[in-house]
Amino acid sequence: MEPSIIIAVASIIVAGFSTSFGAIGPALAEGRAVATALSSLAQQPDASATITRTLFVGLAMIESTAIYCLVVSMILLFANPFWNHFISQSVGK
Amino acid sequence: MRLSPDSLIFWQHGLFKINATIAYTWLIMLLLSITSILISFKLSKEIKRSRWQNLLEIIVSKIKKQIEEVGLSEPKKYIGFIGTLFLFVAASSLFNIIPGYEPPTGSLSTTVALALCVFVAIPFFGIEEQGINNYLKSYVQPTFIMLPFNIISEISRTLALAVRLFGNMMSGSMIVGILLSITPLLFPILMTLLGLLTGMVQAYIFSILAAVYIAAATRVRKSGQSKKVTS
């Protein structure tokens with residue numbers, strides 16, 4: 001197999017795996033966080049402002065891990081440094 | 001497919017180039033400052049006031065209240081910084097409804113610049129509030145062993161701030177771009193709507209996190225003082 005095909009196949013497969021596996025953990029965590037926030041909202045509706053603000057900040061923190069995986073897979077798909085390096089080398093020949 | 005508006009170049013002369021990020025950043029800055037200057041030209045203290053003044057007052061008082069709820073007791077001092085962050089990020093994602101526009105926050109350089117502003121502002125406000133010695137002492141707060149961890153957390157949260165905003169904005173426009181090639185008509189509109197929502201949430205989160213970090217940097221002295229008073 002040519003090296004270009006190996007790089008392309010590896011990047012595409014790893015990009016898919018990175019987003020799909022990276023989304024599992026944050027999805028579970030966000031579900032737990034929202035469920036807990038909802039039950040505490042039902043118990044204490046007076047504290048809704050504080051709970052909502054803390055929930056949003058926490059969700060952003062949790063979500064950022066999924067976003068990192070997405071950024072990695074986007075870089076692999078659209079701005080792959082190894083691919084660009086290989087292309088520039090093969091053009092140089 | 002473009003990953004960021006950095007690669008869309010409008011004008012280039014030698015090393016100097018004006019890409020979409022710079023152009024749209026300046027456009028938003030001009031728009032925000034010109035509208036606020038025009039509105040604040042004729043402020044009235046009477047009961048009868050223009051609707052634009054009402055709009056500005058609502059925005060400013062809401063931001064002030066949010067800053068106060070985070071724990072900064074003097075919101076007037078911080079509203080210039082945190083409110084500007086919020087308005088810039090919110091406006092840059094709100095203008096997404098205009099065709100041909102790309103949010104400048106979808107480029108990593110813009111978000112890194114914003115996060116670096118927060119990175120500089122935290123010690124600035126902290127030193128201003130509690131003096132340089134007390135601020136530096138907060139790095140070795142529980143024990144001396146925590147010094148590297150405190151520094152690492154300072155850097156990593158700045159990085160997280162930048163990459164979070166970039167990832168959200170970039171993924172929004174990227175998903176619309178991908179969906180346009182699969183289902184051309186209806187779905188991209190819905191995703192744009194979702195993108196507007198996430199843009200607002202991200203603007204809120206960015207400014208709230210900045211406020212929380214500044215509050216954490218300025219609050220240390222008060223707990224230390226109360227400890228001294230009790231002991």
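I take a nonpolar core to be a set of buried Ala, Val, Leu, Ile, Met, Phe, Trp, Tyr and Cys residues joined through C-beta atoms within 7 Å. I note that the model is predicted.

**Cores**

I looked up the largest nonpolar core and found 40 residues in it. B:Phe206, B:Ala210, B:Ala211 and B:Ile214 have the most contacts inside this core. I then listed the elements of chain B that give two or more residues to it: helix 1 (20-41), helix 2 (51-70), helix 3 (75-94), helix 4 (108-137), helix 5 and helix 6 (186-230). Helix 6 of chain B gives the most, with 10 residues.

I checked B:Ala211 for contacts, leaving out residues up to four places away in sequence. B:Ala211 touches B:Ile67, B:Val70, B:Leu72, B:Tyr78 and B:Ile82. Another core, of five residues, lies apart from the largest one, and I noted A:Ala66, A:Ile67, A:Cys69 and A:Val71 among its members.

**Helix 5 of chain B**

I looked up the span of helix 5, residues 147-182. Its 36 residues reach 51 Å from the first C-alpha to the last, close to the 52 Å expected at 1.5 Å a residue. I also went through the buried residues of helix 5, which include B:Leu161, B:Arg164, B:Phe166, B:Asn168 and B:Met174.

**Hairpin of chain B**

Strand 1 runs antiparallel to strand 2 (residues 16-19), and four bridges join the two. I recorded B:Phe16 as the bridge partner of B:His13. Two residues lie between the strands of this hairpin, and B:Gly14 takes a positive phi near 65 degrees.

Note on methods. Residues numbered from 1 in each chain as written. Chains lettered and ligands numbered in written order. Predicted model: local features only at pLDDT ≥ 70, side-chain atom pairs only at ≥ 80, totals over all residues. Pairing = 2+ DSSP bridges. Expected span 1.5 Å × (residues − 1). Buried ≥ 20, exposed ≤ 12 C-beta atoms within 10 Å, placed from the backbone. Contact = placed C-beta atoms within 7 Å.
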